[in-house]
Amino acid sequence: MKSKVFLEVGIGNGEFIVWAAKKDPQSTFVGVEVCKKVFRDAQKRVAKAGVKNVKLFLMEGTRALCQLFKEESLSGVYLNFPDPWAKKKQKKRRFINKASVWLIASRLKIEGFFIMATDFKEYAEETVELFSATGAFSSLWNTPIRNELPGYYLTKYARKWLSQGLPLYFVGLKKIKHCEVPSWLYSYYPLLKLKGGESLPEVVLSLNKKADFERLAQTLPKGTLWEEELVKEPLLSKCVIKVLEIYSKKDGLLLDMLVSEGEFVQRFFVKIAPHSEGLILKIHEATSAEPTEGVHLAMAIVARLCEKFLNARIERSSCKKKVWQKLEGRY
Ligand SMILES: C[S@@+](CC[C@H](N)C(=O)[O-])C[C@H]1O[C@@H](n2cnc3c(N)ncnc32)[C@H](O)[C@@H]1O
């Protein structure tokens with residue numbers, strides 16, 4: 001029998017995941033965390049505890065859900081004391097929102113659970129509402145929110161709030177039926193569209209004469225190159241492509257680019273360099289990017305601009321056909 005896999009998002013110092021892994025040595029516990037410092041603390045704690053069934057990733061939670069797990073592969077997701085972003089203006093930064101509940105729903109097996117611990121009542125209540133809206137969950141206990149959960153590990157944050165006499169809220173939900181991933185979710189989380197192993201786009205251009213990179217650096221526009229609304233409801237998702245800076249080198253240019261698609265933001269360098277046929281445009285090896293549609297679009301726009309400003313011709317490209325179609329009439 002395959003071992004069960006559980007995910008903890010925002011592991012902090014790792015005390016919960018170590019406890020969970022020791023309690024259930026047959027299962028695998030994956031922990032993700034965005035803060036480097038606490039991640040290192042967690043790594044040390046896991047190494048010291050000698051638990052072999054824990055895998056840690058310095059990775060954002062929704063990215064982990066998109067890239068590390070297939071549909072219906074998780075037996076449970078834990079979220080202990082997520083940052084509450086209590087102010088109205090900051091609420092959209094919360095980990096649980098209209099989109100992430102669908103992502104979690106799609107990764108959970110039927111009978112899989114979601115457990116969250118928080119000191120923030122409103123966040124607990126809203127989480128229950130958002131999961132209920134998917135239509136795929138029921139309460140894990142006789143009520144979806146409770147103030148005590150005997151036998152559940154109490155982390156540093158739980159201990160802190162309890163020592164101040166404040167109540168805790170445990171949310172427990174169970175996936176009871178299969179749910180189709182709504183099409184808008186793919187725009188919000190573009191990584192969901194990638195299967196893994198896709199290559200980054202490249203373009204080769206032929207030139208009539210040697211490229212003048214210094215002049216090209218001055219001619220290429222900086223700022224926003226593309227802005228498009230991908231979906232409006234239930235959450236606004238946009239694709240925005242920007243050139244933040246252009247660096248001129250003797251043998252080419254580097255474009256510092258920002259591509260934001262829904263909740264996923266990427267920053268990378270596009271390298272424009274001489275090539276046997278003229279010029280090549282590719283993502284600089286020292287930066288990492290995922291070959292999302294936005295990255296393909298960014299590469300195609302830069303190629304069109306080089307074509308125009310250098311009087312060049314696009315000879316070959318691995319940019320998706322779809323993105324060239326999008327550019328028609330605009331670049
Ligand atoms: C308030 S702390 C709670 C830590 C731990 N769960 C505990 O109970 O002690 C929230 C943690 O979540 C991490 N975090 C916040 N947003 C995240 C995200 N989107 N993906 C992964 N980790 C995240 C933060 O860096 C922080 O370590």
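Analyst: A residue is called buried if 20 or more other C-beta atoms lie within 10 Å of its own, exposed if 12 or fewer do, and partly exposed in between, with C-beta atoms placed from the backbone. This is a predicted model, in which local features need pLDDT of at least 70 and side-chain atom pairs count only at pLDDT 80 or more, while totals for chains, interfaces and linings use all residues. Residues are numbered from 1 along each chain as its sequence is written.

User: Is I96 buried or exposed?

Analyst: I96 is found in the loop between β4 and α4 (100–107). Around I96 there are 23 other C-beta atoms within 10 Å, and therefore I96 counts as buried.

User: Which residues does I96 contact, leaving aside its neighbours within four places in sequence?

Analyst: Two residues are in contact if their C-beta atoms, placed from the backbone, lie within 7 Å. The C-alpha atoms of I96 and E126 are separated by 8.8 Å, although these residues are 30 apart along the chain. With neighbours within four places left aside, the contacts of I96 are P82, V101, T127 and L130.

User: Why is α4 largely enclosed by the rest of the structure, and what does it pack against?

Analyst: Helices (H or I, at least four residues) and strands (E, at least two) are DSSP runs, numbered from the N terminus. Eight of the eight residues of α4 are buried, so this helix is largely enclosed; among them are W102, L103 and I104. The buried residues of α4 pack against α3 (61–67), β4, β5 (108–118), α5 (121–133), β8 (169–175) and α7 (184–188).

User: How many residues has the largest nonpolar core?

Analyst: A nonpolar core is a set of buried Ala, Val, Leu, Ile, Met, Phe, Trp, Tyr and Cys residues joined through C-beta atoms within 7 Å. In the largest one, the residues with the most contacts inside it are I17, V77, I104 and Y189. V77 touches L7, V9, I104, L108 and F114, not counting residues up to four places away in sequence. Another core, of 32 residues, lies apart from it, while the largest has 53 residues.

User: Which residues come nearest to the ligand?

Analyst: A residue is near a molecule or strand if its C-beta atom, placed from the backbone, lies within 6 Å of it. β2 (28–33) and α6 (156–163) each supply at least two residues of the shell around the ligand. Of the 19 residues around the ligand, those that come nearest are G10, G12, C35, G61 and T155.

User: What percentage of the residues in the protein is buried?

Analyst: The protein has 10 helices and 15 strands, and its C-alpha trace spans about 75 × 45 × 45 Å along its principal axes. Of its 331 residues, the buried ones make up 37%.
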